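Welcome, and please open your viewer. Could you keep the selection tool at hand while we walk along the chain together?

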Amino acid sequence: MIHTLGCPKNQVDSEQFAAALRCSGLEYVEQERHADAIVINTCGFLDDAKVESIQVILEATRWKSVKVGRQVFAMGC
């Protein structure tokens, strides 16, 4: 699962990243409850995205703590 924050460029990057995951044989899912990993593609330039990214990362770490083996990754500009 990928959470995308920020500008339209981040949306394109997330779509390309999801395609790369699929090509490498991984299954991409749209819902957290079906995911083993969450990728947060965030923006360091837009103030709203910065604030939202902190909230999303904190929520993702809570999600991670519920089940052993879950992973959280952050990427972006």
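Below are some stops to select one after another, each with a note on what is there. Keep in mind that this is a predicted model.

**Stop 1: the strands**

Select residues 37-42, which form strand E2. This strand is mostly covered, with 5 of its 6 residues buried.

From E2 the chain passes through H2 to reach E3, making a right-handed β-α-β crossover. What handedness does the β-α-β unit of E1, H1 and E2 have? That unit is left-handed.

**Stop 2: helix H1**

Next, select residues 8-23, helix H1, and find Pro-8 within it. Pro-8 counts as exposed because its relative accessibility is 67%. If you try the distance tool from the C-alpha of Pro-8 to that of Val-29, 21 residues away along the chain, the separation is 21 Å.

In H1, show the side chains of Lys-9 and Asp-13. They meet in a salt bridge, at 2.8 Å from N to O. These two residues are 4 apart in the helix, so about one helical turn separates them. Lys-9 is exposed, at 51% relative accessible area, while Asp-13 is partly exposed at 23%.

**Stop 3: helix H2**

How many salt bridges does a search of the whole structure find? The search finds 2. For another one, select Asp-47 and Lys-50, where the closest N and O atoms are 3.7 Å apart. They sit 3 residues apart in helix H2, so they too are separated by about one helical turn. Asp-47 is exposed at 55% relative accessibility, and Lys-50 is partly exposed at 35%.

**Stop 4: Arg-70**

Finish in the loop between helix H2 (47-65) and strand E3 (71-76), where you will find Arg-70. Is Arg-70 buried or exposed? Arg-70 is buried, yet has no salt bridge. The nearest side chain of opposite charge belongs to Asp-36, 6.0 Å away. Instead, look at the backbone oxygen of Trp-63, which the side chain of Arg-70 reaches at 2.7 Å. Leaving aside residues up to four places away in sequence, Arg-70 touches Ala-35, Asp-36, Trp-63 and Lys-64.

Methods:
Residues are numbered from 1 along each chain as its sequence is written. This is a predicted model: local features need pLDDT of at least 70, side-chain atom pairs count only at pLDDT 80 or more; totals for chains, interfaces and linings use all residues. Side-chain values use heavy atoms; hydrogens and water are left out. Buried means under 20% relative accessible area, exposed over 50%, partly exposed in between (1.4 Å probe, protein chains only). Lys and Arg count as positive and Asp and Glu as negative; His and the chain ends are not counted. A salt bridge is a side-chain nitrogen of Lys or Arg within 4 Å of a carboxyl oxygen of Asp or Glu. A polar contact is a pair of N or O atoms within 3.5 Å; within protein, one must be able to donate a hydrogen and the other to accept it, and residues adjacent in sequence count only if both atoms are side-chain atoms. Contact means heavy atoms within 4.5 Å. A crossover is right-handed if, with the strands pointing away from the viewer, the path from the first strand over the helix to the second runs clockwise.
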